[in-house]
Amino acid sequence: MGALLLDAAIGSRAASLWVAAANSRAIGFYRRFGFAPDGAADVLPEWEDLPEIRMVRPAQG
């Protein structure tokens with residue numbers, strides 16, 4: 001279901017997203033669709049200082 005939603009939302013376009021740094025399942029999911037961490041990181045103080053990383057994907061196809 002997640003793959004269908006991702007495809008409907010961005011198709012083959014380039015994209016970036018932020019994901020919780022400790023969420024290995026989400027990171028693995030996005031890696032399967034060509035996303036990779038680009039080195040950017042942040043902390044969300046309003047979410048109990050949740051660390052997050054940015055993942056990016058070039059246009060596909």
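Predicted model: local features only at pLDDT ≥ 70, side-chain atom pairs only at ≥ 80, totals over all residues.
Me: What makes up the secondary structure of the chain, and in what order do the elements run?

Reply: The chain has two helices and three strands. From the N terminus on, the order is α-β-α-β-β.

Me: What makes the phi of D49 stand out?

Reply: The phi of D49 is positive, about 60 degrees, although D49 is not a glycine. E48, also a residue other than glycine, has a positive phi near 55 degrees. The place of E48 is in the loop between β2 (36-44) and β3 (50-57).

Me: Why is E48 called exposed?

Reply: Exposed means over 50% relative accessible area, buried under 20%, and partly exposed in between (1.4 Å probe, protein chains only). E48 has 77% relative accessibility, so E48 counts as exposed.

Me: How much of the chain counts as buried?

Reply: Of its 61 residues, 21% count as buried.

Me: Which residues make up the largest nonpolar core, and what makes it a core?

Reply: A nonpolar core is a set of buried Ala, Val, Leu, Ile, Met, Phe, Trp, Tyr and Cys residues joined through side-chain atoms within 4.5 Å. The largest one has ten residues: L6, I10, A15, L17, V19, A26, I27, F35, I53 and M55. At least two residues come from each of α1 (2-10), β1 (15-20), α2 (24-32) and β3. The largest share, three residues, comes from β1. In soluble globular proteins, nonpolar side chains tend to be buried together.

Me: Which residues are in contact with I53, leaving aside its neighbours within four places in sequence?

Reply: Contact means heavy atoms within 4.5 Å. With those neighbours left aside, I53 is in contact with L17, W18, V19, A21, I27, P37, A40 and A41.

Me: How far apart are the mean positions of the positive and negative charges?

Reply: Lys and Arg count as positive and Asp and Glu as negative, without His and the chain ends. A charge is placed at NZ of Lys, CZ of Arg, CG of Asp or CD of Glu. On that basis, the mean positions of the 6 positive and 7 negative charges are 14 Å apart.

Conventions
Residues numbered from 1 in each chain as written. Heavy atoms only, no water. Helix = DSSP H or I, 4+ residues; strand = E, 2+ residues; numbered from the N terminus.
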